[in-house]
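The structure comes first, then the details.

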Amino acid sequence: MDIETLYPLVTEAILRAEMLAENNDPASQDAYCKVSQLEEQITKLIPASDREGVIARRGAVSAAIVARQYERAEQLVTQFTHEKDADDDLKESLKNFIVVREITINRTSFGFNNITGPV
């Protein structure tokens with residue numbers, strides 16, 4: 001698929017996933033999985049050195065986490081951080097997604113799921 005086709009598809013997928021999530025619809029996880037998959041397709045067309053490539057990589061990882069596809073998110077982080085044109089800021093931000101996810105899981109596991117604020 002080309003980028004001109006993917007951009008409207010990912011935009012539509014994001015809007016759908018957000019709408020489902022706002023309504024606490026369990027289908028939102030599948031919708032965010034679709035977002036992650038579309039963002040990943042974009043990463044194959046745009047290098048990590050490009051601003052849009054950075055956005056797509058972050059989007060693919062964050063959508064996978066929201067979809068509770070943690071293994072997929074970790075695999076994407078590994079893949080994206082090993083790209084030769086990924087700069088240190090991108091690598092750090094992608095790794096931080098995983099750190100935040102782990103902290104969130106630990107909070108919930110220990111009954112601290114009502115804590116709000118930065119992690």
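## Helix packing

Helix 2 and helix 4 are roughly parallel to each other; that label applies to angles under 35 degrees, with over 145 roughly antiparallel, 65 to 115 roughly perpendicular and the rest oblique. The axes of helix 2 (residues 28-43) and helix 4 (residues 70-81) cross at roughly 10° and come within 13 Å. Axes are lines fitted to C-alpha atoms, for helices over the stretch in contact, and angles between N-to-C directions run from 0 to 180 degrees. Helices are DSSP runs (H or I, at least four residues), numbered from the N terminus.

On the helix 2 side, the contact involves Ser36, Gln37, Glu40 and Thr43. They meet Arg72, Leu76, Gln79 and Phe80 in helix 4. Contact means heavy atoms within 4.5 Å. By class, this contact has 2 nonpolar, 4 polar and 2 charged residues. Ala, Val, Leu, Ile, Met, Phe, Trp, Tyr, Cys and Pro count as nonpolar, Asp, Glu, Lys and Arg as charged, and the others, Gly among them, as polar.

## Positive phi in the loops

Most residues other than glycine have a negative phi. Asparagine 24 has a positive phi, near 55°. Its place is the loop between helix 1 (3-22) and helix 2. Asparagine 24 is exposed, at 69% relative accessible area (exposed is over 50%, buried under 20%, partly exposed in between; 1.4 Å probe, protein chains only).

Arginine 68 also has a positive phi, near 65°. This arginine 68 sits in the loop between helix 3 (51-66) and helix 4. Arginine 68 is exposed too, with 57% relative accessibility.

## Model basis

The model is predicted: local features need pLDDT of at least 70, side-chain atom pairs count only at pLDDT 80 or more, and totals for chains, interfaces and linings use all residues. Residues are numbered from 1 along each chain as its sequence is written, and side-chain values use heavy atoms, leaving out hydrogens and water.

Note on methods:
Helix = DSSP H or I, 4+ residues; strand = E, 2+ residues; numbered from the N terminus.
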